[in-house]
Amino acid sequence: MLATVLTLFAIGAPPAPIHAEEAMMARGYRMAGDASRARVVMEFDKEPQLKWFLLRAPHRLVIDLPETLFAFDAEALEPRGLIGGVRYGNLGNGSSRMILSTTGPFTVEKLSMLENENSPGYRLVVDMVADSEAAFEQALADQAETTGSTVNEDKKDRLGDSPERPDRPFTVVIDPGHGGIDGGAKAVDGTAEKEITLTFSKVLQEQLEQSGRYNVFLTRDDDTFLRLDERVGIARQHEADLFISIHADTINIRNISGATVYTISEKASDSLAKAAAERENLADSVAGIEIAEENQQVADILFDLVRRETHGFSVSFARSLVGELSDTIELINNPQRSAGFRVLRAPDVPSVLVELGYLSNPKDVAKLEDPEWRAKAAGSIGAAIAIFADAKMGAGG
């Protein structure tokens, strides 16, 4: 069904009607993405001269257009990921407006008007990424200092550059794996992985906060389900300097036990890592959430955008973490591994996934449920974080 909306935004007197023979036509609206990244594309029959600007409370991207007839498929406008709502209509005085509301603060990474290569007309492409409140406020301040809006002729991604962040403590986001309807793996005594990861994450959070050195956030502090992309979005919105996802897996290999530290890679380091990533990446499916093909394509784009510097930081921390853990708890053989974990795909946040042990192994389960073992393991992770924070902040990072 096509949705044609000619009014919505006028204040006071009704807007003047749009005359089809004079108006530009907008059609073919489509969105792709998840809670951390979105791409919006819409087609025009002629090139529009547009302006765009940001608004807060709620967070919105506003696009002002010449007089436009909108002919969009209503289903394409349904909220998706970062985009929480789409409105559009006639402002009167020969102009129209679109408003993209988002589920949180964001950065306009790129906004481009492109001429179609194989058909008449033009297409507007908007790339948006979840960001921190501080970054969004800085973008608003930049906007206020200039023209109050940005015109597409500028050919600049003015808001794509991250603002300088004020001095603040090193920020760690801890992600207790699974939650809610997604219980994760099951221990031999019936305990769900989601309970073990939350308990351990709270111990780690408490230890880090007691040091007074860090800002520490949990992606969840109760039995709540979060999509994998929401976990990534939380890390970015808190401007995390480090993201640690906590898990405890099961495996069909007898007698295997110990902790493993994973980083992200396009190609898994080994079959064990590949299988672990495939299991963890199914978390959304367990909750009945289908990953549409176009969403997966955007996720792949996001993976491709992981900066070499960020990946290097992740590997460096993983190496340090393995070294600290090896002094206090049991690790599996070759404990530093890598695979395509979706929860590690923040492009600008060094990230690792820690499998504390195997719930299929009674020996590991006993350790994971032992408060002394949890405190010891959390202390080793804290020591690795201190080394990493000193090095990163000392390097100006």
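Start by selecting aspartate 327: its relative accessibility is 65%, so this residue counts as exposed (exposed means over 50% relative accessible area, buried under 20%, and partly exposed in between, using a 1.4 Å probe and protein chains only). Aspartate 327 sits in the loop between α7 (308-326) and β16 (331-339). Those labels come from DSSP runs, numbered from the N terminus: helices are H or I runs of at least four residues, and strands are E runs of at least two. Along the chain it is 53 residues from aspartate 327, and the two C-alpha atoms are separated by 8.1 Å.

A quick word on what you have open: this is a predicted model, where local features need pLDDT of at least 70 and side-chain atom pairs count only at pLDDT 80 or more, while totals for chains, interfaces and linings use all residues. Residues are numbered from 1 along each chain as its sequence is written, and side-chain values use heavy atoms, with hydrogens and water left out.

**Next stop: aromatic rings**

Select phenylalanine 170 and tyrosine 214. How do their rings meet? The ring centres are 6.2 Å apart and the planes are at 75°, so this is an edge-to-face pair. Here is the rule: rings of Phe, Tyr and Trp (its six-membered ring) pair if their centres lie within 6.5 Å, and planes under 30 degrees apart are stacked, over 60 edge-to-face, and the rest tilted.

Phenylalanine 170 belongs to strand β12 (residues 170-176) and tyrosine 214 to strand β13 (residues 214-218), so you are looking at a link between distant parts of the chain, 44 residues apart. Are these two buried or exposed? Phenylalanine 170 is buried at 4% relative accessibility, and tyrosine 214 is buried too, at 9%.

Now widen the selection to include Phe313, Phe317 and Phe388. Together with Phe170 and Tyr214, they form one aromatic cluster. Across the whole structure, a search finds 11 aromatic pairs.

**Then: charged partners**

Side chains of opposite charge can pair when their charged atoms come close. For this stop, a salt bridge is a side-chain nitrogen of Lys or Arg within 4 Å of a carboxyl oxygen of Asp or Glu. How many salt bridges does that rule give? The count is 17.

- Glutamate 109 and arginine 37 form a salt bridge, with their closest N and O atoms 2.9 Å apart. Glutamate 109 is in strand β9 (residues 106-115) and arginine 37 in strand β3 (residues 37-44), so the bridge ties together parts 72 residues apart in sequence. Glutamate 109 is partly exposed at 29% relative accessibility, while arginine 37 is buried at 6%.
- Arginine 213 and aspartate 390 meet in a salt bridge at 2.7 Å, N to O. Arginine 213 is in the loop between α2 (193-211) and β13, and aspartate 390 is in helix α9 (residues 371-394), 177 residues apart. Arginine 213 has a relative accessible area of 35%, which makes it partly exposed, and aspartate 390 is partly exposed at 48%.
- Arginine 337 and aspartate 270 form a salt bridge, the closest N and O atoms being 2.8 Å apart. Arginine 337 lies in strand β16 and aspartate 270 in the loop between β15 (259-264) and α4 (271-280), so the pair ties together parts 67 residues apart in sequence. Arginine 337 is buried at 11%, and aspartate 270 is partly exposed at 24%.

Before you move on, select Arg227, Asp229 and Glu230: salt bridges with shared partners join them into one network.

**Follow on to helix α3**

Just after α3, glutamate 239 takes a positive phi of about 55°.

Most residues other than glycine have a negative phi, and most peptide bonds are trans. Go to the loop between β4 (51-55) and β5 (60-66), where proline 58 lies. What is the peptide bond from alanine 57 to proline 58 like? That bond is cis, with omega near 0°. Alanine 57 is in the loop between β4 and β5 as well, and its phi is near 50°, a positive value in a residue other than glycine. At 68% relative accessibility, alanine 57 counts as exposed.

Finish at histidine 178, in the loop between β12 and α2. Its phi is positive, near 65°, and histidine 178 is buried, with a relative accessible area of 7%.
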